[in-house]
Amino acid sequence: MIYRTFQDLQLSSLGMGAMRLPTIDGDDARIDVEKTKAMVAYAMEHGINYYDTAWGYHDGNSELVMGEALKAYPRDSFYLATKFPGYDLANMPKVKEIFEKQLEKLGVDYFDFYLFHNVCEMNIDAYLDDEKYGIYSYLMEQKTNGRIKHLGFSAHGNIDTMKRFLEKYGKDMEFCQIQLNYLDYHFQEAQEKIELLQSYDIPVWVMEPLRGGRLAKLDEGSEKTLKALRPKETIPAWAFRFLQSLSQVVVTLSGMSNMEQLQQNIATFEQDQPLTDKEMQTLLGLADEMVKKIALPCTACHYCTSHCPMGLDIPTLVSLYNEHAFTGGGFIAPMALSAIPEDKQPSACIGCRQCEMVCPQQIKVSEMMKDFVARMQ
Ligand code: SF4
Ligand code: SF4
């Protein structure tokens, strides 16, 4: 196992994410406890020392099962991470109650890593309103009394939202978890997000290294190109080699659902084999091609926005449409849309086409808006 240095710790470069544990009869809420225990045992034996769960994973049962699985091991033999569930605004006034319950569910008296979960457009105002909800103050207090060893945040929002969060709390954030993979490097501003974090000296934890499994298999042509460069490398391994090439990345979390995936991922993390410049260029070139096939080529130039009689934030809506189309739904676009007022939603478009007349990319915005409304129904 490769290890990365974080402060005075050596963290396994591969962390076990507990958001897609094996389940019974495909029911997300019913985790197969025995299979999970076997996976944790294998992970521990093979050097994984980082385990990441959250309040909401598996309908609240991930924390319970991970607590059950990890209690077989000395508390100082693993690092445990969980998160405050601010993705649901109803949780905002309950930080103390939730934190205490999490300690109880996991059967521990401290967390090695604790995160503000999913900082995004929908919850940023509440997260920043420390006077009203006191989440930041409470978590800092837990840090002082040793019940949180390291405080960080995870972010699914856009870069401006991350900036707002960092401007207020950046000096106290020790790590940040973002969606990072070779597809999102350009597509979802992941590269800019890494640079932003670097300016605060905050190391990166990675989620969705395989973009929910999408990068486990590519089209025939892309696979051939990659095989020609590294004949023995598997396709999923390319996603991990990409991350091994980024010096800011400390832990890569993979939500593994069975023993086979775990074994394959551990094998990939036995050796540090970062990409060469040529390999990196090829991989990012393939990613750009993949994105182009589905995404509308909006450059966010904003020429259109002043022409829209409805005042819609067209580039943001195009970007969410692309995300939605690319993921075949997913949760990022619906979540971000839910934070946009009714009169600025795609449904507010009156189809006047003023925007299309000035769009240098000739994007048929009015049709996109109509299609977006239909997709969201
Ligand atoms: S077509 Fe829709 S998005 Fe474009 S200018 Fe008109 S109202 Fe705005
Ligand atoms: S004018 Fe076209 S490319 Fe520019 S932001 Fe609007 S939709 Fe995007």
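Good morning. I begin with a helix pair, in which Ile159, Met162, Lys163 and Leu166 of α7 are in contact with Glu192, Lys193, Leu196 and Leu197 of α9. By class, the residues of this contact comprise 5 nonpolar and 3 charged, with no polar ones. Please bear in mind that the model is predicted.

Now the geometry. Two packed helices are described by the angle between their axes and by the distance between those axes. Here, helix α7 spans residues 159–169 and helix α9 spans residues 190–199; their axes approach within 10 Å and cross at roughly 10°. Angles under 35 degrees count as roughly parallel, and therefore α7 is roughly parallel to α9. The crossing of α7 and α9 is right-handed.

I turn next to the strands. In what order do the 8 strands close into a barrel? The order is β3-β6-β7-β8-β9-β10-β11-β12, and the pairing is parallel. On average, neighbouring strands of this sheet are turned by 30° against each other, with direction ignored.

Phenylalanine 111 has isoleucine 148 in β9 as its bridge partner.

Finally, the ligand. Which residues are around ligand 2? They are Cys298, Thr299, Ala300, Cys301, His302, Cys304, Pro315, Cys359, Pro360 and Gln361. This shell around ligand 2 divides into 7 nonpolar and 3 polar residues, and no charged residue belongs to the shell.

Thank you for your attention.

Note on methods: Residues are numbered from 1 along each chain as its sequence is written. Chains are lettered from A and ligands numbered from 1 in the order in which they are written. This is a predicted model: local features need pLDDT of at least 70, side-chain atom pairs count only at pLDDT 80 or more; totals for chains, interfaces and linings use all residues. Side-chain values use heavy atoms; hydrogens and water are left out. Axes are lines fitted to C-alpha atoms, for helices over the stretch in contact, and angles run from 0 to 180 degrees between N-to-C directions. Helices (H or I, at least four residues) and strands (E, at least two) are DSSP runs, numbered from the N terminus. Angles under 35 degrees count as roughly parallel, over 145 as roughly antiparallel, 65 to 115 as roughly perpendicular and the rest as oblique. A crossing is left-handed if the near helix is turned anticlockwise from the far one by less than a right angle, and right-handed if clockwise. Contact means heavy atoms within 4.5 Å. Ala, Val, Leu, Ile, Met, Phe, Trp, Tyr, Cys and Pro count as nonpolar, Asp, Glu, Lys and Arg as charged, and the others, Gly among them, as polar. A residue is near a molecule or strand if one of its heavy atoms lies within 4 Å of it. Two strands pair if DSSP finds at least two bridges between them.
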